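User: I would like to learn how to read the packing in a protein model. Can you take me through it step by step?
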Amino acid sequence: MTNRQIEKTIRAAMEHAAPDRLDDILSSCTWQQSAAADRKSEEAGPAVFSRIILDVNPSISLEVDENEKVLSARALNADAEVLLEGMNLKGASLFETVDRIVQDMVKRGYLSDIQNSILISVEDDNSERCGRLQEKVSLRIEKDMEENLQDSKEGASVLSQSVEEDSELVALAEEYGISVGKAALIRKMLNREGTATAEKGEKNSGKMKFEDLARMPVNDIALLAEEENMKDDTVTYLGHASSKAYIGHKGALKKALSYAGIGMEKVRKQKIKLSCKKGMMVYKVKLKTAAGKFKYILDARTGDMVRCKKNGKGKYRKYGTYGKYGKYGKHYMKHYRKHYCGYRQHPMTEGGTGTMENANGYENMSPVQMPEGAISEQQAKEAALSHAGLKESDTLYIYCHPEIDHGYVEHYDVKFVAGGMKYKYAIDIYTGKVLGRAVKDKRMKNGYAYEGNYHEHTAPAGTVPEKTPDGEDSEDKISAEDAAPEAVNPAEEMLEEEEAFAIALKKANLQERDLLRWKVKLRTKHGRTVYRFKLRIRGYVYRVDVDAFNGSVTKVKEKVNF
Amino acid sequence: MIPTSPPSAPEPREMSDAELENCIKEIAAGDKEALSKLYCDTHAAVYGLALSVLKNSHDAEDVMQDVYVRIWESAPNYRAMGKPRAWIYTITRNLSLMSVRGKNRTSLSDPSELEPETAEENLTDPDERIVLENVMNTLKEDERTIVILHAVAGMKHREIAGMLGMELSTVISRYNRALKKLRRSLEEAD
């Protein structure tokens, strides 16, 4: 039986098995509808006159009656739920409610001097009342923010607009999990961008995408609106959005010059602008010099190079300190979005947080919720460095992030380059114990130069000194025994690749002749060395991990691949 | 082991989404004719989906009736967004899950009540009977749901992924796995 025949039979079976209850349904519908109508009229409370949506990253919808008393306050995302927890706003006046919300947002760090923008969207059938409310609320919020952010030099940035819900807007808001107000603002901005480029006679390259803007906090959207001249006439802007979280135009120029290895005197023409690329805030720097044209895309927070081009027409060339893909390799964008698009709820974390622990900015924001008792990223870095017998100053770069698998934080991944070697450590999130390690010689073109195998924990000559890390008095300090990986029986011998391959084939229930392609790598996972096979057959890819010592299969994963 | 046929496209639907939306609009205005039309187009899938969750033909029948009554009640609140099928089947799934929860709460005094009433008993065609039996007994609940939504309701994998909140790739792989399982068990039965 083919798939199509099976589908056909299931369909026919269901059609025949389904009983005919139409008469019963029609007879109960008359009663139900009148009863529902009665119930509706009984349950109907005071009428909602206006709806006000506040967006920072937490998005809150307030419904008010004709006397501007709050009838309901609804959280539109996870951050707002946390914010509104325990807050009883029903029956309070609109101003009182707004005061409390702004105060709480400042206290929790959603509003600060680096993040000073708030969007107010008012929905009301009566346009006069809508305009009045919009003005009143925005002035009140501006005043509230200035009172609460006294230390800030940036002031408040309040964006306000009136919104009329339509099906497209509702669909957009639902699709991207944002409020109708934010969806309306983004749609207006994109329309504005489209008209502006059309007026200039330029081709709309579609560089700003709805999905990119949807995942950004309101402050970044406001910044882009200012920078790209995407301010819509129907949106009122009070104050300026803060760009304190970013390195600024001057900083970006300085970074670009250092990557290009030239001085300012050689620059004939320059163009710098803040933009967004795949949901990441970047500076685009164009330099015209005697040596040629340079184009850089720099991470707006750190100035790290994301992309660069020199005299190239569509072809990236290696240039600058870190090569064509920048500091963290070609996965930088993925890394950035996963770890720094802080306000967004991380899809892999249960419940997500996206909340800021304090108002110190992006550096302190982690979208990944670490379990209680977990060590910090800095401690994980220290554990890895001390195991390698190195100091942070010895490294060319070091970065650390929690590795998430199936919604749980598995371990910290610490990667660094020192002495021409590339180190990768897996650090236990509770004890700081080294779970796995791989070292790659950067000078080697192919493959990883694993230092023997992880179980024997032999350090490569010249790279890892034999001394044990000498401890400082700290409770979290990892002892030499803890840091050292478990020793294995030296008599245990590593399997040959062919043996492991046979095991993998057997486990995946495949024949070698079925394979279109396969490859194998040696990897360390949870402190065990495994052969990682990727077996490709028509329509499917199997990943099978075979323990390199005892031949047990630790993981089998099947993936559809067309 | 190796899938030989490419992923199949869902069977063409009898009523288009726009027609269904019009139908819901008419239902909102109190038109019973429209409800009958909608019933004829969707009742097999609604029943199948309820059956896939409940595994009991009597409960599935009750849920099916509740679904159309709910559609009749909620039609005035329906917002046309081009996804009427997702709306109908989401109602079905929610009511089925509520029914499962309700059943779990009530304790059964008579052990004979535990005996499931199977839908395949009503079928006369032996092929259909075997296939339905296999769908109910061989597949897991989520696989059953995906198969019913695709094969009976005619929903596309992308729509199913959106409705069930799953990744598209997960839906496709579960669907393929389910069909593979079915094929294998049907071959064994032969």
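Analyst: Start with one residue and its neighbours. Ile10(A) touches Val131(B), Val135(B), Val147(B), Ile148(B), Val152(B) and Leu182(B), leaving out residues up to four places away in sequence. Contact means heavy atoms within 4.5 Å. This is a predicted model: local features need pLDDT of at least 70, side-chain atom pairs count only at pLDDT 80 or more, and totals for chains, interfaces and linings use all residues. Side-chain values use heavy atoms, without hydrogens and water.

User: Which residues touch the most other members of the largest nonpolar core?

Analyst: In soluble globular proteins, nonpolar side chains tend to be buried together. A nonpolar core is a set of buried Ala, Val, Leu, Ile, Met, Phe, Trp, Tyr and Cys residues joined through side-chain atoms within 4.5 Å. Buried means under 20% relative accessible area, with a 1.4 Å probe and protein chains only. Here the largest core has 66 residues, and Ile10(A), Leu38(B), Tyr68(B), Ile71(B), Tyr89(B) and Leu149(B) touch the most other members. Helix 2 (residues 32–54) of chain B gives the largest share of this core, twelve residues. Helices are DSSP runs of H or I, at least four residues, and strands are runs of E, at least two, numbered from the N terminus. Apart from this core lies another, of 53 residues, including Leu159(A) and Ile262(A).

User: How many aromatic pairs does the structure hold?

Analyst: A pair of aromatic rings is described by the distance of the centres and the angle of the planes. Rings of Phe, Tyr and Trp (its six-membered ring) pair if their centres lie within 6.5 Å; planes under 30 degrees apart count as stacked, over 60 as edge-to-face and the rest as tilted. The structure holds nine such pairs over all chains. Phe294(A) and Tyr296(A) have ring centres 6.2 Å apart and planes at 5 degrees, so they are stacked. Phe294(A) and Tyr296(A) are buried. Tyr39(B) and Tyr68(B) have centres 5.0 Å apart and planes at 65 degrees, so this pair is edge-to-face. The pair links distant parts of the chain: Tyr39(B) is in helix 2 and Tyr68(B) in helix 3 (residues 57–74) of chain B, 29 residues apart.

User: Is Tyr39(B) buried or exposed?

Analyst: Tyr39(B) counts as buried, at 2% relative accessibility. Tyr68(B) is buried too, with a relative accessible area of 0%.

User: Which residues form one aromatic cluster?

Analyst: Phe501(A), Trp518(A), Tyr531(A) and Phe533(A) form one.

How values were computed. Residues numbered from 1 in each chain as written. Chains lettered and ligands numbered in written order. Buried < 20%, exposed > 50% of the residue type's maximum accessible area, 1.4 Å probe, protein only.
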